[in-house]
Amino acid sequence: MAAAYSGISACLRPNDRVLRCGQHDFAVILPGVLNAGHALLAARKILGAFQAPLQVENETAKVRFAVGVTLFPDHGGDADQLLRKAQFALMSSETDGVPWAVSNSPEVGALAGAWQLESDLDEALDAGDLELYYQAQIDLTSGLPCGVEALARWNHPRHGLLLPDTFIPVADRSGRLSRLTQWAINTALRQSREWTTRFNLLPVAVNIPTSVAEDAEFPELLAAATGLWAPTPKSLTVEVTETSLLRSPQTARKVLQAVRELGVRVSIDDFGTGYSSLGQFRDLPADELKIDLSFVQAMLRSEPDRHIVKLVLELSQAFGLELVAEGVEDSETLTMLHALGCNRVQGYLMARPVPQAEFCQWLDDYPNPQLHAVLCMSTLGKPN
Ligand code: G
Ligand code: MN
């Protein structure tokens, strides 16, 4: 660090200052710099100086450097603020693979926003700003609901309604994923008890992030939750994406096997996008495949996609798995799925994800006249 310190100092003007501000970090203060361009010139000079390996006593060491630039007063009024912004810029330079970044560029703004979201997430869980929406799945043979997917939504006080795509990565990075999943499972099971009893078993499906599906303690967590809330373990489905099964297949398989032994259903989500090998089907720890919506939504127009849907349907039948087609948005697609023999469907055409109260109402009113008409038209076939 001493050699790095003198290396940096050698690049600077007499009035500039270098301070150590972390185990591997230095802060450089450049008074009188007029704009970001000038600051970057200084940054490049320092980066240039460390291109060659550093000579430390009799050893040489290659030092990797990254620089985050922040300007007073544009990016902050005090040292704390400036230092924090410089650190965000530094982090974004590291993730972008370029050795320098200027604070308040759009990428840095996104990173700073995510930082704030991490601490908001704890409050949101405590304050009940996180909510589950429910979307029904319909069995075309009986015309009745056969399952429900729970989808997390975050009603953020400033950003409005946030989808899991936005906040799951935030929860993942900040180690809050397990808490979030635990909340989702318990909430889904608790709320599903309030649904109408007109329909026999309506398993509720909860999406499980990869790292949780690889956690050897996950089955225990499930056992506790189902023991507390579920009339039978079969009333819960865990949805794990095909890609998360592939990340470390042995670990995930073992966990999912244990989940099935509890009696909880396992569904492989977004199926078809992950390049599973056929050999894996021999002992796939699953009850159900959900064919990815990209194939379903393209199948009307594209023959290859239609073939993929057919193939996955045959695979599921050959290996005794249920198949759910997700993302059904129009009656033509529904008709085609029904004609192919795919009987479980989920999508905006039948039902959108809605909050608990609305979902209870939807079940009580089932089937509403509009849905009834859609189902009749698609399942009875219509003249071409
Ligand atoms: O990753 P997963 O398959 O669990 O994601 C399901 C997502 O798809 C949810 O966010 C849900 O709101 C959305 N979704 C559900 N039905 C439809 C549909 O018919 N069309 C589209 N585009 N999205 C849907
Ligand atoms: Mn899903």
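Tutor: Donors are N, O and S atoms within 2.8 Å of the metal (3.2 Å for Na, K and Ca); water is not among the atoms, so sites may look incomplete. The model is predicted: local features need pLDDT of at least 70 and side-chain atom pairs pLDDT 80 or more, while totals for chains, interfaces and linings use all residues. Residues are numbered from 1 along each chain as its sequence is written, chains are lettered from A and ligands numbered from 1 in written order, and side-chain values use heavy atoms, without hydrogens or water.

The manganese ion (ligand 2) is held by Glu149 (OE), Asn207 (OD1), Glu239 (OE) and Asp269 (OD), at distances of 2.1 to 2.4 Å. Along the chain, these donors are spaced as E-x57-N-x31-E-x29-D. Because glutamate 149 belongs to strand β8 and asparagine 207 to strand β10 (residues 204–207), this pair ties together parts 58 residues apart in sequence. Here helices (H or I, at least four residues) and strands (E, at least two) are DSSP runs, numbered from the N terminus.

Ligand 1 is surrounded by 16 residues, each with a heavy atom within 4 Å of the ligand. The closest are Gln135, Glu149, Asp269, Glu329 and Tyr348; of these, Glu149 and Asp269 also coordinate the manganese ion. At least two shell residues come from each of β8 (144–156), β12 (265–271) and α11 (293–298), and β8 gives the most, with 3.

A polar side-chain atom of glutamate 149 lies 3.0 Å from an oxygen atom of ligand 1. A side-chain N or O atom of glutamine 297 is 3.4 Å from a nitrogen atom of the ligand, and a polar side-chain atom of glutamate 329 is 2.5 Å from a ligand nitrogen. Taken alone, ligand 1 exposes 520 Å², of which the protein buries 76%; such areas follow the Shrake-Rupley method with a 1.4 Å probe.

Most residues other than glycine have a negative phi.

Note on methods: A polar contact is a pair of N or O atoms within 3.5 Å; within protein, one must be able to donate a hydrogen and the other to accept it, and residues adjacent in sequence count only if both atoms are side-chain atoms.
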